[in-house]
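Please examine the sequence and the structure before reading on.

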Amino acid sequence: MSKYKDKESGTVVSINAKWISWAHTVVAYAAFLSALSVGIYLHYHKIVQNEFYGYPDEWFPSVSATIGDRYPERSFFMFFIAITSGPRFALITLWYLLTAKPGKALPKFVAGVGIFRTLTCGGWTYVTSTDDHDWHDIFMISYLVATIPWTAGCIALSPPNPKAIKYRKYIASAFFGAIPPMIYFFIQHKIHRVAGAYTTYSFFEWSLILFDVAFDAVTALDFDTFEIMIKDVKGLSKGVNVSSKPTAVIEKEKGDITAGIFDVKFSWPEVFDTAAEVYHGFVFWSMLTGLGVVIWYFPLWHMGISGYEAFVMSTISPLLLGIRPLRSLVINNLRVCHFLSLAGLLAWQVKDPAYRLFTVGFGVAMSCLSWAATLYSESIHEVRLESRILAWMVGLVMSSTAKFAWQTNNPIWPIMHAANGGYNGTGLVLAILAALRFTRKAPLNTGAAIDGKRDGSSLLAALGIGGVFFGLHSLLSDTSTMILWVWEGYPVRGPLSSTHGWFTVAAMTAGLLTGIRQPRLVSTWTVYGVGCIGAAILTLYPNWFGYLGALTSAFYLTAIASPLITAASKRSPATTFGLGFFIYNLLVLFHVWVVAYAFVPGGPLVREHTDWIMTTMMLLIGAGVFNLTSVNSHRREARTRPSRSQHRKYHTLALGVINLFFIAAAFRRFPTNDYKPYHEDSKLITAGIWTIHFSLDNDMYSSEYRMRDLIKELEIDVVGVLESDLQRIIMGNRDTTQFLAEDLGMYVDYGPGPNKHTWGAALLSKFPIVNSTHHLLPSPVGELAPAIHATLDAYGELVDVFVFHSGQEEDPEDRRLQSEYLSKLMGSSPRPSILLSYLVTKPLEGNYNTYVSETSGMHDVDPRDWDRWCEYILYKRLQRVGYARVSRSTITDTELQVAKFVVPKSGDEKAQIAAIEDNPEARNRKVGEREVPDGWRFPALFRGTGVRGHRYHVFNEPWYYKPS
């Protein structure tokens with residue numbers, strides 16, 4: 001800053017110009033040295049490798065290798081170079097001002113050269129040789145050539161400062177003196193291919209960078225004579241109003257534009273209050289969304305109704321508030337009730353699945369009871385009621401955001417623990433602190449009586465609560481749910497879960513704020529009609545147009561939720577919330593019945609009718625809107641805005657923080673799409689099929705991490721996973737494929753979406769998915785049979801992969817029709833193909849002979865493996881070289897089958913495979929492991945007793961094949 005004590009009147013700030021030079025020097029060096037440090041740390045052997053030699057012959061990277069195309073070095077370099085541009089242009093301007101003299105042209109020429117050098121520096125920085133080799137070289141050569149007149153001109157124009165002139169002379173001499181040896185060693189490397197010459201060349205190249213920046217750093221000695229001052233000539237920085245509008249009017253306009261967020265007077269107590277309220281709301285949604293998952297475990301293992309499904313009714317506990325003495329007891333002891341609800345967070349410590357369900361059910365019951373009582377008790381105070389409702393709804397946004405960050409699992413769910421990414425202990429401690437803060441204020445309405453004069457209908461309010469809570473839970477508790485509704489396969493024609501999920505959160509945020517600020521507007525029939533249109537588009541259309549309907553639905557559901565909850569809070573909580581949650585539960589069951597129709601009473605009546613569910617949801621919300629319009633018609637809107645505390649602004653800021661966290665998580669999850677197979681040199685495809693039992697292991701914990709470890713250790717390139725559609729309330733609205741794809745580095749096709757009423761079939765691939773189509777095979781009686789037909793780019797060859805889940809054993813006609821459909825589908829492909837499937841048939845019998853037939857052209861991975869019923873791998877026009885069956889441990893109820901195939905590339909290889917297509921004896925010739933190359937072999941890790949309960953079983957070792 002300025003060394004002068006007294007500043008001229010009106011001066012806002014002053015700074016010595018030498019700091020411009022120092023800023024330029026520091027940031028420029030940071031650009032190169034940060035890239036060098038990160039590159040050496042992350043990719044040392046790769047960046048010292050050149051076209052002829054690598055480590056240890058070459059052991060220091062060149063500048064171009066360091067700052068080139070490799071991530072994240074390139075990003076560090078570009079980031080700091082962008083920052084350098086500001087001081088750089090300022091340095092050139094100051095140098096011109098310092099050296100310009102009347103009638104002298106040289107200062108103008110040197111300044112022009114300086115600007116030209118800066119622009120060409122940007123050219124070779126941001127246009128890499130990979131982007132456009134010619135333009136990159138043009139920019140680089142232009143920069144180097146321009147360095148000559150810049151250096152000479154600066155020396156010629158140097159002010160009479162002996163010290164600065166001496167430094168410029170020495171540095172310029174060193175710069176140009178380093179060029180001949182640099183060229184010499186480059187020739188030794190490029191022409192004579194001398195080992196180590198490129199490392200020596202690199203040292204000279206780096207010296208040029210150091211000298212180049214150091215030369216400009218000398219300007220700090222000359223700029224010491226300049227003082228840069230910023231003066232306020234109109235007094236705006238002092239708050240002087242220079243316009244014709246009154247200051248109060250201008251401040252109001254600014255407040256309207258920013259929603260008053262930045263007018264918040266910061267207060268730590270209010271910050272803690274908001275954080276506690278939002279986190280307590282997050283805990284409610286975490287327990288509610290976790291309840292379905294632990295219930296689902298039991299019918300999953302019983303293969304039908306188990307009786308434990310009754311716990312879905314845990315949410316109707318507010319019915320108890322219809323008993324007046326009990327209502328008073330609950331409201332007068334809200335802190336105790338809210339604390340008891342936290343039992344649901346302790347459930348992860350309960351090892352027995354049944355007792356864990358009991359614990360979660362109790363926690364959800366107490367949470368619903370406590371929240372209903374809290375809202376009723378605050379209903380006579382508009383501000384406090386609105387604050388609680390905001391907390392409840394912002395908690396939903398936070399829950400969806402947390403699930404996105406944890407790839408559709410909630411870190412405090414009862415199916416999580418430390419081994420699979422859970423933060424249950426941390427979540428419980430925060431929940432206790434939040435509950436203490438949340439319940440510190442005494443209730444306003446003791447619940448001794450219900451005001452019968454309040455407007456509206458309790459029944460209509462309950463219908464609205466049931467509809468809106470079902471919509472919030474089924475569609476918005478996970479940002480990928482509606483994205484998967486509109487997913488149609490490759491090429492991508494719509495949103496992706498990891499990339500576009502924030503759009504859903506943004507729509508939820510906008511809807512919530514609109515509902516709070518304009519409750520009468522969102523309660524109109526016009527806006528309701530828009531919401532109905534959005535729901536219809538989501539239900540009926542795929543891809544981006546369908547997602548437009550999803551965003552409309554997200555906006556409307558969060559917007560109407562606040563008015564509906566407000567109206568419900570002012571009526572009898574036993575009716576509005578007790579009956580409302582009962583209606584919500586009926587929709588939850590309806591939501592499952594449409595896909596589980598083969599296992600439940602009356603299921604066929606609602607088979608595949610998601611459209612009925614959406615219609616029912618909107619009709620129930622319409623009943624709530626009817627109630628709101630009735631209430632609003634009897635009330636006059638206040639002409640003056642009611643006085644509000646700062647809670648709206650703090651909750652808006654909380655939403656902003658949550659959105660920023662979501663964006664940060666999205667950046668971390670952004671797909672790289674640069675995945676490589678495990679054995680690229682061998683042109684090998686290792687393919688597997690696994691029925692993952694909805695990602696719940698035998699102990700009722702989420703199994704993604706354990707699945708990831710086994711798939712990685714088996715080096716599987718392509719895997720079909722079945723029973724993978726978890727995007728329903730009862731399954732937690734999860735998506736295992738997101739975690740597996742991102743963690744393993746694979747492309748993913750989720751398969752037919754949740755609105756297609758299947759149990760799920762998905763494909764994960766190390767190879768790019770060029771095209772994929774989804775099929776629902778004939779199922780006139782039983783459950784729908786999903787299939788994926790995908791075309792992969794495997795080593796430059798197109799290979800088709802089919803993933804398929806057949807119908808049940810109890811439905812033979814379904815299975816016969818499905819076998820015929822799939823056989824024709826596979827036969828329609830002229831390309832090499834693999835089927836990863838669940839067929840429900842014995843080898844060499846029945847429908848097996850339709851799948852393995854002339855129609856399909858497919859071969860069994862090994863027809864001698866007689867001990868199969870469900871999982872099968874078939875193939876054609878590939879060289880099958882290995883086959884193994886790996887035990888499941890306690891992850892699921894089905895083993896993992898794996899086969900290895902070599903992709904033929906040359907004409908001879910293809911002819912060899914074609915020659916044995918009709919020769920099963922030659923095709924199925926088994927050999928020992930020693931007779932196949934190392935790249936074809938299965939990992940030895942799973943021999944004998946294996947690891948973690950996984951081993952080669954049935955025939956206790958992998959089988960290998962070579963044609964005779």
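How many bridges join S15 to strand S16?

## Basis of the report

This is a predicted model, in which local features need pLDDT of at least 70, side-chain atom pairs count only at pLDDT 80 or more, and totals for chains, interfaces and linings use all residues. Residues are numbered from 1 along each chain as its sequence is written, and side-chain values use heavy atoms, leaving out hydrogens and water.

## The sheet

Strand S15 is joined to strand S16 (residues 959-961) by 2 bridges, and the two run antiparallel. Within this pair, Lys926 stands opposite Tyr961 in S16. Strands are DSSP runs of E with at least two residues, helices are runs of H or I with at least four, and both are numbered from the N terminus. Two strands pair if DSSP finds at least two bridges between them.

The order S5-S6-S4-S3-S14-S13-S16-S15 describes an open sheet of 8 strands with mixed pairing. Its edge strands, S5 (747-749) and S15 (926-927), each pair on one side only.

## The chain as a whole

The chain contains 32 helices and 16 strands. Its C-alpha trace spans about 95 × 90 × 45 Å along the principal axes.

Of the 964 residues, 56% count as buried, a term for under 20% relative accessible area, with exposed meaning over 50% and partly exposed in between (1.4 Å probe, protein chains only). Among contacts (heavy atoms within 4.5 Å) between residues at least 6 apart in sequence, 77% join residues at least 24 apart.
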